[in-house]
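Let's take a friendly walk through a protein model together. Have a look at the sequence and the 3D view, and keep both open while you read.

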Amino acid sequence: MTQFGRQLGIGPTDNTSDQRTPRKPLRLIPSVARESFVPVVPARYVIRTHEWDMTRIAPGRPRGDGTPIEVTGTLRNENGTPIRDALIEIWNANHHGRYRHVEDASGLQLDENFFGMGRVVTDEDGNYRFWTISPGAYLARPDIGRWRPKHIHLSISGGSARLITQMYFPNEPNNASDPMAILMGDGFENNIGKTYETSDLDVDEGYRFDIVVGGRNATFFE
Amino acid sequence: MTQDNGSNLLKATNEDTSGPFFPIYFQDESLEDLTVLGPGIVGAPSGQHIILCGRVLDRHGNLANGVLMEFWQANAKGIYNSPANLGHPDLDSWFNGYGRLRSASGEYKFCTIMPGASDSRAPNITITLFSDGISRIVTQVFFEGHKANETDPVLKSLDTDDQARLIARHGGQTDGGAEIYLLDIVMAGVNETPFFDDFES
Ligand SMILES: [Fe+2]
């Protein structure tokens with residue numbers, strides 16, 4: 001007999017969420033089959049060595065428009081064990097809110113000095129670091145004037161740890177109306193980077209974003 | 001760090017939607033065809049070549065453009081390349097069992113080998129979907145004509161309609177000898193594909 005789990009929420013004012021969110025509750029995985037549902041991503045990553053610095057397209061090139069920032073954090077599992085050698089794929093809109101992606105039809109301004117995509121790998125202690133340009137907010141629903149708040153996309157693959165998430169920024173006016181933030185409820189706080197001093201660094205702002213991979217559909221072999 | 005009340009576990013970072021713009025730039029062709037090791041390399045994984053293909057559809061029957069799909073499966077002998085099987089004699093050096101592709105249109109085609117049956121399980125491939133509007137959703141696909149489907153614990157946990165929604169149809173053979181299997185994944189609505197959640201929910 002089928003056993004049911006969570007009912008997924010639909011993001012308010014998010015048309016795609018309405019079109020794509022399963023309406024039936026999730027089925028529980030029979031315990032004998034649980035491990036088969038936990039992919040292990042082989043650590044064979046292709047990364048260019050300069051990709052940690054997304055503030056410029058390549059070393060020696062000028063910086064993109066806007067505010068250069070640093071994002072750092074530690075990747076751990078729920079038990080607090082650091083996840084080393086994990087791939088973090090990063091993408092964010094430029095200062096004007098535009099992605100350098102062929103399907104971004106917003107018409108917002110591209111920046112010839114900003115690429116907006118980079119990859120880093122966590123070190124022995126699960127730490128990661130990258131630089132980018134602080135992204136612009138963009139108008140996601142022009143018809144109702146709803147903006148997507150500033151955010152950076154992060155996709156994490158490390159052994160059996162797999163997570164796609166976004167880092168948001170503190171005190172942004174559009175945070176409260178964001179459909180995904182609404183679904184997260186109080187937990188949204190966890191997805192906001194915490195500012196730190198960067199006067200000794202060649203960036204203007206620093207954000208600490210510690211990431212914990214866990215919860216449902218996640219298992220760790222360590 | 002934030003902790004759950006009454007638990008020593010750290011609070012997990014919320015999953016979030018991948019949005020519509022997962023970078024095509026991060027595409028890795030070696031993860032879209034697991035039968036090929038790479039240009040100029042001698043060697044191949046064991047097993048019958050198969051092509052799993054179909055469409056990912058939304059609640060209105062429209063193609064779900066921009067979906068990121070990940071695949072996870074055992075090798076031809078039914079062994080997963082996971083840390084739990086480290087040193088297992090039936091591991092295949094040339095088969096990791098993890099695939100990934102992003103489909104611009106919502107149609108997909110994944111080239112791999114037929115996974116072996118393992119323990120009490122029928123041959124299957126786990127599919128993880130990421131897309132705009134949702135966070136990760138997970139399901140498992142089976143193959144038409146396998147006797148073990150009748151006793152598989154995942155299939156047996158579902159009603160017959162849902163079982164049918166997870167069994168890929170055999171659709172002939174390519175000139176190169178790969179068996180074709182067809183499966184549409186319906187994210188929501190009528191004929192919705194069953195998606196799964198951790199058993200500890
Ligand atoms: Fe975005």
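## The metal site

In this predicted model, the iron ion is held by four donor atoms: A:Tyr99 (OH), A:Tyr138 (OH), A:His151 (NE2) and A:His153 (NE2), at 1.9 to 2.6 Å. Donors here are N, O and S atoms within 2.8 Å of the metal (3.2 Å for Na, K and Ca), and water is not among the atoms, so sites may look incomplete. Along the chain, the donors of the iron ion follow the spacing Y-x38-Y-x12-H-x1-H. The pair A:Tyr138 and A:His151 links distant parts of the chain: A:Tyr138 belongs to strand β6 (residues 138-141) of chain A and A:His151 to strand β8 (residues 151-158) of chain A, 13 residues apart. Helices (H or I, at least four residues) and strands (E, at least two) are DSSP runs, numbered from the N terminus.

What is the geometry of the site of the iron ion? The site is irregular, with angles of 92 to 162 degrees among its four donor atoms. Four donors count as tetrahedral if all angles lie between 85 and 135 degrees; four count as square planar and six as octahedral if opposite donors are over 155 degrees apart and all others between 65 and 115; anything else is irregular.

Are A:Tyr138 and A:His151 buried or exposed? A:Tyr138 counts as buried because its relative accessibility is 12%, and A:His151 counts as buried at 2%. Buried means under 20% relative accessible area, exposed over 50%, and partly exposed in between (1.4 Å probe, protein chains only).

A:Trp147, in strand β7 (residues 146-148) of chain A, is in contact with A:Tyr138 as well as A:Ala137, A:Leu139, A:Ala140 and A:Asn174, leaving aside neighbours within four places in sequence. Contact means heavy atoms within 4.5 Å. A:Trp147 is partly exposed, at 36% relative accessibility.

## Where the chains meet

The size of an interface is often given as the accessible area lost when the parts come together. Between chain B and chain A, the buried area is about 6,600 Å², and carbon and sulfur atoms give 56% of it. This area is the accessible area (1.4 Å probe) that two parts lose on being put together, summed over both.

Across the interface of chain B and chain A there are 34 residue pairs in polar contact (both at pLDDT 80 or more). A polar contact is a pair of N or O atoms within 3.5 Å; within protein, one must be able to donate a hydrogen and the other to accept it, and residues adjacent in sequence count only if both atoms are side-chain atoms. One example joins the side chains of A:Thr16 and B:Asp132 (3.4 Å). A:Thr16 sits in helix α1 (residues 15-20) of chain A and is buried, with a relative accessible area of 17%.

## Charged pairs

Side chains of opposite charge can pair when their charged atoms come close. The term salt bridge is used for a side-chain nitrogen of Lys or Arg within 4 Å of a carboxyl oxygen of Asp or Glu. The count comes to 22 salt bridges over all chains, and six are found across the interface of chain B and chain A. Here are some examples:

| Pair | Closest N to O distance |
|---|---|
| B:Asp162 and A:Arg27 | 2.6 Å |
| A:Asp18 and A:Arg23 | 2.8 Å |
| B:Lys147 and B:Glu150 | 3.3 Å |

A:Arg27 lies in strand β1 (residues 27-28) of chain A and is buried, at 2% relative accessibility. Among the residues that A:Arg27 touches are A:Phe4, B:Leu158 and B:Phe195. Both B:Arg100 and A:Glu89 are buried, whereas B:Lys147 and B:Glu150 are exposed. A:Asp18 and A:Arg23 are linked with B:Arg59 in a network of salt bridges.

## Reading notes

Residues are numbered from 1 along each chain as its sequence is written, while chains are lettered from A and ligands numbered from 1 in the order in which they are written. Local features need pLDDT of at least 70, side-chain atom pairs count only at pLDDT 80 or more, and totals for chains, interfaces and linings use all residues, while side-chain values use heavy atoms, with hydrogens and water left out.
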